[in-house]
Amino acid sequence: MRDDRHSREPGRGTTLSKALTALLTHLFLVTVCVAIGLPFFWMVTTSIKSPTEVQVFPPVWWPETPRFQNFVDAWESAPFGRFYVNSIIVTCSGVVLEILIAALSAYAFARIRFRFREVLFIVMLAAMMIPGQIALIPNYVTLKHLGWINQYAGLVIPHVSSVFAAFLLRQAILSMPADLFDAAHMDGLGHLRCMLRIALPLARPVVATLALYLFIAKWNDYLWPLIVTNTQNMRTLPVGLSMVQKAEYNIGPEHLMAASLFVLVPVLVVFFTAQKQLIEGIAAGALKG
Amino acid sequence: MRRTRRDALTFVAFVAPNFLLLAVFTFWPVLYSLYLSFFKWNMIAKRKTFLGLGNYQTMFTDPVFWQVVRNSFALAGATVLVTLAIALLLAVVLNRRIPGRSLYRAVIFSPTFTTSVAVAMVWGWILEPNYGLLRVILNWVGLASPNWLSDVHWSLPGIMIVVIWSGLGYAMVIFLAGLQGIPVELYDAARVDGASAWQTFWKLTFPLLSPTTFFLVVTSVISALKAFDVVSIMTDGGPMNSSNVYVLYLYQNAFQWFKAGYASALALVLFVLIMAITLAQMRLSKRWVHY
């Protein structure tokens, strides 16, 4: 981030008015942060309340004795273990496949000569203009023909084609010195090895940011797994969670919040370990795209 | 010569997986949706009944369709306005070197990647009219809590709160990136000319930020038109479609009532609408936006 440049204004305002501005600024920021953070706090505190503490007004801010049994009960209210396995399989295979497919396209568009290269590139970018919502019914029908309804393949494959990731990786590969690849070709390295041994390792920061971003997007996905899965044992975490809420189980808000945390914890861990990278990646991506 | 042939083959092999998938799962659906929109079909039967433009005619006389369109645009309009106003203020404040800046930024950004289903769960509980957290906060300032999600007048505003909460951080980060792109020299010049902070913002920062603002308006409107997760879980469009939105209505038609033809017509209209907004953006940004 850039240095301060607007506030070093010598001679303007007294120390007092400066202090007042700083105070108001922080007051505003803290208010916004509390408003943003409160739902997270509320989720956590509700998840450890007793059933009676949930049903009182005004509500209890922090339970008398934290009740961790809620997590056990929530875990047993639905096959959450299975949901976890499904989510991990679908998300991880999706991320790996999408990055591989994107890297192949990106390398080809950046480094291999072909007569229709520019036309194909525009065709690829045009795909970005098509909203996924238009594909719901057609893709469902296609999967039915392929026998992929309620299968991992049906959950993963329709969403591993990649325009945005290919575009970003192409930019990264274009910014690498061409001599590097020429020298590699002289040494008899083919395009595939050039991509795997030179392009991808050099593009590691971009690949890492993309992987994190894709991981979160795929982990959170709700609409597509909702449509494609029709038995409980194939559901991913978000769909499983929504079914727990909609089913008329004897489940209280404390259990629902505990179950929400099952879904959320991996995402929050990823976010807070890599938040700087993710935020800067978003900003850079938006400006280029 | 041989080199070119080999390169061409390699190129095709490299892009084949991506293009095959795009063809099957992105481009073909547009054509197939167009085709299906002329039929009545329940997605199971072998036969489809040809209706011509029947599904499109139904849309125009379907009161729920118009309500859903109104709701979606209301959701887009209200959330974009509020989100961008607060986000811009936050970005301007956080663009300065103040203590705790990266912590503030991380906290405000955190809802962006939070699982929408979990967001809907906790907000459903916060908006609960009897024991909800928002009831306490409203009581503090002397207001009675509405029944939010079960009241036809308050269900959509309830959804709006959640959408604003989720989208604020993204808009702020994009505004911050935009602010970084404004050359320092311009601010120096403004200071030399004796411009006040207020004048500097409206005469310098705001116009120079217009490409960013424009980008955010368009992307936020489009994403609000595509809203599904939060609405589906919190209200399922109810009560009485008061919070129903476009994509949820499309989903209900397709996968709950098995009206694949009508849902395809809805999908196609959405596609045209989003395309029109995107193309208008490309045209207008050339004329209105200061680069």
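Me: Where is Q245(A) found?
Reply: Look in helix 13 (residues 237–246) of chain A. A helix here is a DSSP run of H or I with at least four residues, a strand is a run of E with at least two, and both are numbered from the N terminus. Residues count from 1 along each chain as its sequence is written, and chains are lettered from A and ligands numbered from 1 in the order in which they are written. Keep in mind that this is a predicted model, where local features need pLDDT of at least 70, side-chain atom pairs count only at pLDDT 80 or more, and totals for chains, interfaces and linings use all residues.

Me: Why is Q245(A) called partly exposed?
Reply: Count the neighbours: Q245(A) has 19 C-beta neighbours inside 10 Å. A residue is buried with 20 or more other C-beta atoms within 10 Å of its own, exposed with 12 or fewer, and partly exposed in between, with C-beta atoms placed from the backbone. The count of 19 falls in between, so Q245(A) is partly exposed.

Me: What makes a residue a contact of Q245(A), and which ones does it touch?
Reply: Two residues are in contact if their C-beta atoms, placed from the backbone, lie within 7 Å. Leaving out residues up to four places away in sequence, Q245(A) touches L256(A), M121(B) and I233(B). As for A259(A), 14 residues along the chain from Q245(A), the two C-alpha atoms are separated by 9.8 Å.

Me: How many residues does each chain bring to the contact between A and B?
Reply: Chain B gives 76 residues and chain A gives 75. On the chain B side, helix 1 (residues 2–36) supplies the largest share, 20 residues. That side of chain B has 57 nonpolar, 12 polar and seven charged residues. For those classes, Ala, Val, Leu, Ile, Met, Phe, Trp, Tyr, Cys and Pro count as nonpolar, Asp, Glu, Lys and Arg as charged, and the others, Gly among them, as polar.

Me: Is W148(B) buried or exposed, and how do you know?
Reply: W148(B) has 24 C-beta neighbours inside 10 Å, so it counts as buried. You'll find W148(B) in the loop between helix 6 (133–140) and helix 7 (155–180) of chain B. Its phi is near 35 degrees, a positive value in a residue other than glycine.

Me: And what makes N241(B) partly exposed?
Reply: N241(B) has 19 other C-beta atoms within 10 Å, so it is partly exposed. N241(B) is in the loop between helix 11 and helix 12 of chain B, and its phi is positive too, about 60 degrees, although N241(B) is not a glycine. P239(B) is found in the loop between helix 11 (229–234) and helix 12 as well, and the peptide bond from G238(B) to P239(B) is cis, with omega near -10 degrees.

Me: Where is the kink in helix 14 of chain A?
Reply: At L264(A), shortly before the proline P266(A), with a bend of about 45 degrees. The bend is the angle between axes fitted to the seven residues ending at a residue and the seven starting there.
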